[in-house]
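Thanks for coming, everyone. Please bring up the structure, and we will walk through it.

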Amino acid sequence: AASDVYKRQPYDSWMGFRPSLPDFVPVIGESKHYKNIFYAFGHHHLGWTLAAITGSVISKIICKDGVNLNFSKYSSDRFI
């Protein structure tokens, strides 16, 4: 009957947690082992919003275009 619809549990699907880094800080910068690999990941739920600025910064790092930012806190070495 139509009243049975309201007695059912709501359908809810859970797909798990989104991948994220333990400290919630992205990894940005050059690989320490390979000079032709550059990292730019770990923006969590803000990937679409931060992609443009991260791409701009990474392109300047690759082209050695004088980025005067300290990327040590974004290094992948912080997890070693």
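Start with a definition: buried means under 20% relative accessible area, exposed means over 50%, and partly exposed lies in between (1.4 Å probe, protein chains only). This is a predicted model, where local features need pLDDT of at least 70, side-chain atom pairs count only at pLDDT 80 or more, and totals for chains, interfaces and linings use all residues. Residues are numbered from 1 along each chain as its sequence is written, and side-chain values use heavy atoms, leaving out hydrogens and water.

First, Ile62. At a relative accessible area of 44%, Ile62 is partly exposed. Ile62 sits in helix H1; helices are DSSP runs of H or I, at least four residues, numbered from the N terminus. Its C-alpha atom is 8.6 Å from that of Asn36, 26 residues away along the chain.

Now the core. Which residues form the largest nonpolar core? There are five: Ile28, Val57, Ile58, Ile61 and Phe71. Helix H1, residues 47-62, gives the largest share, three residues. A nonpolar core here is a set of buried Ala, Val, Leu, Ile, Met, Phe, Trp, Tyr and Cys residues joined through side-chain atoms within 4.5 Å.

Next, the aromatics. Rings of Phe, Tyr and Trp (its six-membered ring) pair if their centres lie within 6.5 Å; planes under 30 degrees apart are stacked, over 60 edge-to-face, the rest tilted. That rule gives two aromatic pairs. Tyr39 and Phe41 are edge-to-face, because their planes are at 90 degrees, with centres 6.0 Å apart. Phe71 and Tyr74 are tilted, at 6.1 Å and 55 degrees. Phe71 is buried at 18%, while Tyr74 is partly exposed at 22%.

Definitions and conventions: Helix = DSSP H or I, 4+ residues; strand = E, 2+ residues; numbered from the N terminus.
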